[in-house]
Amino acid sequence: MTGARTGRTAATKQKLFDAALRLVGERGAASVTVEEIAAEAGVAKGTVYYNFASKDALVDALLRHGVELLAGRLRVAEDEARTEAAMSSLVDGMLGFFAEYPAFGQLLVSELWRTPGQWHGTLSLLRDDIVSIIRGQVQRLSDADLLPEGVEVGTAAAALFGTLLVIALDWQVFQPERSRADVRESVLLLVRGLRPG
């Protein structure tokens, strides 16, 4: 019985995540109510509180869950032996994630730079997780002398994160006819353009 209950609980949480993500991505976390999340998920309001202590706890868990999924996609690049293949894998992983979860990209953009943001502490930690993965790949470029002299790896990693986030959203909203491969190659041309000489 416990296995069946655990499966139902996981399925319910996923329904709540999906519903919250759709609503929060469209309108921002602050303007969405527990009642709306429950209705969107097709569950009773009490189900939200049974699974999460509050709307804030649900949004916090949603942010952590989304970043965990994104980090998994980006870590695939660490398995690439060639530096350029690793960067291509990283860019493709981020574009693929935001193609699959465009509302999460909207949530990140709307909440990450909101000042002061209710989830700023959580988002700051989660942003650092993602940027550290990107930093590892940018460090590989630097170690291979593929970054111009004087470019600080941390700044380049943060810039690439922001660039990829905005480009992914721009692609989904304004240029959906473009293929992921085309968008990836455009980003990689930008990265290649940073090379010295």
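Let's start where helix 6 (residues 102-112) meets helix 7: the two pack at an angle of about 120°, and their axes sit 10 Å apart. Keep in mind that this is a predicted model. An angle between 115 and 145 degrees is neither roughly perpendicular nor roughly antiparallel, so helix 6 and helix 7 count as oblique to each other. As for handedness, helix 6 and helix 7 cross in the left-handed sense.

Which residues make that contact? On the helix 6 side you'll find L108, E111 and L112, and they meet H120, L123 and R127 from helix 7. Sorted by class, the contact between helix 6 and helix 7 brings together 3 nonpolar, 1 polar and 2 charged residues.

Now follow helix 7 (120-143) onward, into the loop that links helix 7 to helix 8 (153-174); that loop is where D145 lies. Have a look at the backbone there: D145 has a positive phi of about 55°, even though D145 isn't a glycine. Is D145 buried or exposed? The cut-off for exposed is over 50% relative accessible area, and D145 has 58% relative accessibility, so D145 counts as exposed.

Finally, jump back to an earlier part of the chain. UniProt, in an unreviewed entry, lists residues 10-70 as "domain: HTH tetR-type". In the model, the stretch covering residues 10-70 is 80% helix and 0% strand.

Methods:
Residues numbered from 1 in each chain as written. Predicted model: local features only at pLDDT ≥ 70, side-chain atom pairs only at ≥ 80, totals over all residues. Heavy atoms only, no water. UniProt positions renumbered as here; feature names shortened; annotations may be inferred. Helix = DSSP H or I, 4+ residues; strand = E, 2+ residues; numbered from the N terminus. Buried < 20%, exposed > 50% of the residue type's maximum accessible area, 1.4 Å probe, protein only. Axes fitted to C-alpha atoms, helices over the stretch in contact; angles between N-to-C directions. Parallel < 35°, antiparallel > 145°, perpendicular 65-115°, else oblique. Left-handed = near helix turned anticlockwise from the far one by under 90°. Contact = heavy atoms within 4.5 Å. Nonpolar A, V, L, I, M, F, W, Y, C, P; charged D, E, K, R; others polar.
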